[in-house]
Amino acid sequence: MTGYDIFKRVCSLLGYADFSENPNGSATVSFWHILNQILSDLKLPEAETLSSVIEANQKQKEAIIYGSASLFAGSLNDITLANTFTQLYNAKWNG
């Protein structure tokens with residue numbers, strides 16, 4: 001799974017089709033920083049680019065997706081979705 005795969009999955013979960021179909025520089029750079037924050041939280045190696053392959057087990061992959069979704073939604077001031085995905089991230093990572 002690459003950073004772009006995670007980006008597309010997150011956009012799909014959040015209903016942000018515009019971002020995944022037409023990624024712009026600022027959205028992908030922002031997402032790359034978000035992804036690396038989640039990878040750091042999970043004590044996984046950071047992604048050099050969104051093309052980097054993310055090595056993780058299934059539980060970690062789910063946590064990466066939900067955590068990234070939470071932070072990405074929050075960065076776009078979509079507080080309801082950010083809160084929902086924060087709860088999912090916490091359940092996956094701490095559960």
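Predicted model: local features only at pLDDT ≥ 70, side-chain atom pairs only at ≥ 80, totals over all residues.

Me: Where is T49 found?

Reply: T49 is in the loop between α3 and α4.

Me: How far is T49 from Y4, C-alpha to C-alpha?

Reply: Their C-alpha atoms are separated by 9.0 Å. Along the chain, T49 and Y4 are 45 residues apart.

Me: On to α4. What span should it have, and what does it have?

Reply: Helix α4 covers residues 58–75, which is 18 residues. At 1.5 Å a residue these should span 26 Å, and the end C-alpha atoms are 26 Å apart, so the two agree.

Me: What caps its N-terminal end?

Reply: N57 caps α4 there. A side-chain oxygen of N57 lies 3.1 Å from the backbone nitrogen of K59.

Me: Which residues of α4 are buried?

Reply: The list is Q60, A63, I64, I65, Y66, G67, S68, A69, S70, F72 and A73.

Me: Take Q60. Why does it count as buried?

Reply: Because its relative accessible area is 15%, and buried means under 20%. Leaving aside neighbours within four places in sequence, Q60 is in contact with L42, L44 and W93.

Me: And S70, which residues does that touch?

Reply: S70 touches A82, F85 and T86, not counting residues up to four places away in sequence. S70 is in helix α4 and is buried, at 8% relative accessibility.

Me: T86 then. Which helix holds it?

Reply: T86 sits in helix α5, residues 79–94. The side chain of T86 reaches the backbone oxygen of A82 at 2.7 Å.

Me: Is T86 buried, exposed or partly exposed?

Reply: Partly exposed, with a relative accessible area of 30%. T86 also lies 8.0 Å from L71, C-alpha to C-alpha, and the two are 15 residues apart in sequence.

Me: Which residues of α5 are buried?

Reply: A82, F85 and Y89. They cover an arc of only 75° around the axis, so they sit on the same side of α5.

Me: Switch to α1. Which of its residues are buried?

Reply: G3, I6, F7, V10, C11 and L14. They cover an arc of only 135° around the axis, which puts them on the same side of α1.

Me: How do α1 and α4 cross?

Reply: Their axes come within 9 Å and cross at roughly 65°. The crossing is right-handed.

Me: Which residues meet there?

Reply: From α1, I6, F7, R9, V10, C11, L13 and L14. From α4, they meet I64, I65, Y66, S68, A69, F72 and A73.

Me: Backbone now. What phi does the residue just after α1 take?

Reply: G15 is there, with a positive phi of about 80°.

Me: Which residues other than glycine have a positive phi?

Reply: K43 and N77 are among them. Phi of K43 is near 60°, and N77 has a positive phi of about 60°. For context, most residues other than glycine have a negative phi.

Me: Where do K43 and N77 lie?

Reply: K43 is in the loop between α3 and α4. N77 is in the loop between α4 and α5, just after α4.

Me: Buried or exposed?

Reply: K43 counts as exposed, at 74% relative accessibility. N77 is exposed too, with a relative accessible area of 64%.

Conventions:
Residues numbered from 1 in each chain as written. Heavy atoms only, no water. Helix = DSSP H or I, 4+ residues; strand = E, 2+ residues; numbered from the N terminus. Expected span 1.5 Å × (residues − 1). Buried < 20%, exposed > 50% of the residue type's maximum accessible area, 1.4 Å probe, protein only. Polar contact = N/O pair within 3.5 Å; in protein donor to acceptor, adjacent residues only side chain to side chain. Contact = heavy atoms within 4.5 Å. Arc of directions from axis to C-beta. Axes fitted to C-alpha atoms, helices over the stretch in contact; angles between N-to-C directions. Left-handed = near helix turned anticlockwise from the far one by under 90°.
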